[in-house]
Every structure is written in structure tokens, then in C-alpha cells.
Amino acid sequence: MKFYDVLASLIHDMKNSLSMVIHTLDEITADSLSGYDRPARITALQNEAKRLNNNLIELLTLYNIENERISPAIEDVDVANFLAEVMAENRSSAEANQISLTVECDPDLFGYFDENLIRNVLNNLVGNGIRYTRDRLLITAAQEEGYLVFRVEDNGSGYPDRMLTAHSPEGGYGDLAEGRTKLGLYFATMIAEMHRNGEQQGFIRLENGHGLGGGCFSIWLP
């Protein structure tokens, strides 16, 4: 997938979000909007604003990767503290949408990865999860098969079959699939593959019905 295809997909996504923001602001300021409806509209506005912010972060990161202006700053990271920070960043949004957001991680777990890059991936996954889960999101981290594995799980309807069978760059990330953009998969794949250890390279994996019964997105770091 070329960067211009990524740019086109992001512009389309952000245009939709901006339209939603403008429409919601019009509703909030309208005299006909009841006090009961106002909190729900404000929550929708917050969701779209965060989505726009995540899209812009993705765009800047992908641009820097494309132009070789960024390389992972691999550090020894306290994973439990790292996930606590990710949860804190997303707690208010989850609560506003009446979604239970929890974290499971061994308090003694440490890993080697770029905190900022992986944080961007997880924030994007949680943002998507908030849109498509029913009422629960779970973030986990564990050592498996020689990799540090982060998972974001929901109890929604799960990923469509065509996304489970075609989530590589060759599969065409520019398409949309039932609201979950393949662009997000492309972004996560690029970040994962920037993490290497000897002959091992990071990768992503999608599945349904792992822990909460819905979609499960995992990023595997060597």
C-alpha cells in the first residue's frame, strides 16, 4: 500500500468525522435539543474528536516512516505501569460511553519496545473498541512463545471473516470493512514490524472469541 493511498483513506475518514462533529455541534446549539439528549451528543462529539486526533497521529507517524524519519526507540519498559498510563488516557472516554475498561498484566512484566509507538497503536485500538464493543474492553500483556503480546479484546460482534483472512499489507488496507478500517491494521503492522530482535520481527494477529467473545487484536513484539 502506497503512502498516497493511506493519505486518501485518512482524509476520507477524517472528513466523515468532521461532518459528524459539525452536525453534533449544530444539534447541541439548537434550541430543540432536550436536556436529556445533550449529554449523549457531547459524548459523541468527544468520541469523534479523539478519533480525529488518533487519525492525525497515524498520519504523521506513517509519513515519518515512509520518509525514513523515524526509527523505534527501544527501551526497557515496566509493562504494568505502561498499561496503567494507557488506561488512564482512555478511562474518561470509556466511562462516558458506559463501557468497562480493564487491564490484566503481571506486575513484574518488563519488555523492550518503543513506548510512544505502541501507545499510539493501543490508543487507536481502544478507540475503535469503544465504538464497536457492547460494554466491555480488556487490555492484556503477557510473554508468549518468545514474544511480548499486547491484546485488546471486546465483547462486540467481532471482525468480519474477510478481515480475518486478509489482514496483511497485500490484502489491501485501503478498503473499509463494516466500520473497522483496514488502515488501522496497516498502521499497526508497520509499527510491529519496526520492532526486531535478531531474526524475529513483530507482527499483528486478528481473531474472534478469545476471552470476551468478540474481536481480539494482538500485537506481538520480539
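Is Glu-85 buried, exposed or partly exposed? In this predicted model, Glu-85 is partly exposed, because its relative accessible area is 39%, where buried means under 20%, exposed over 50% and partly exposed in between (1.4 Å probe, protein chains only). Residues are numbered from 1 along each chain as its sequence is written, and side-chain values use heavy atoms, with hydrogens and water left out. Because the model is predicted, local features need pLDDT of at least 70 and side-chain atom pairs count only at pLDDT 80 or more, whereas totals for chains, interfaces and linings use all residues.

Four salt bridges were counted, a salt bridge being defined as a side-chain nitrogen of Lys or Arg within 4 Å of a carboxyl oxygen of Asp or Glu. One of them pairs Glu-85 with Arg-119, with 3.2 Å between the closest N and O atoms. Helices (H or I, at least four residues) and strands (E, at least two) are DSSP runs, numbered from the N terminus. In contrast to the partly exposed Glu-85, Arg-119 is buried, at 13% relative accessible area.

Arg-119 also takes part in a salt bridge with Glu-115, at an N to O distance of 3.6 Å. Glu-115 and Arg-119 are four residues apart in helix α4, and are therefore separated by about one helical turn. The relative accessible area of Glu-115 is 24%, so this residue counts as partly exposed. Together with Glu-89, the residues Glu-85, Glu-115 and Arg-119 are linked in a network of salt bridges.

A further salt bridge joins the side chains of Glu-144 and Arg-151, with an N to O distance of 2.7 Å. Here Glu-144 is partly exposed at 24% relative accessible area, while Arg-151 is buried at 7%.

Ser-218 is located in strand β11, which spans residues 215-221. With a relative accessibility of 0%, Ser-218 is classed as buried. The side chain of Ser-218 forms a polar contact of 2.9 Å with that of Trp-220. A polar contact is a pair of N or O atoms within 3.5 Å; within protein, one must be able to donate a hydrogen and the other to accept it, and residues adjacent in sequence count only if both atoms are side-chain atoms.
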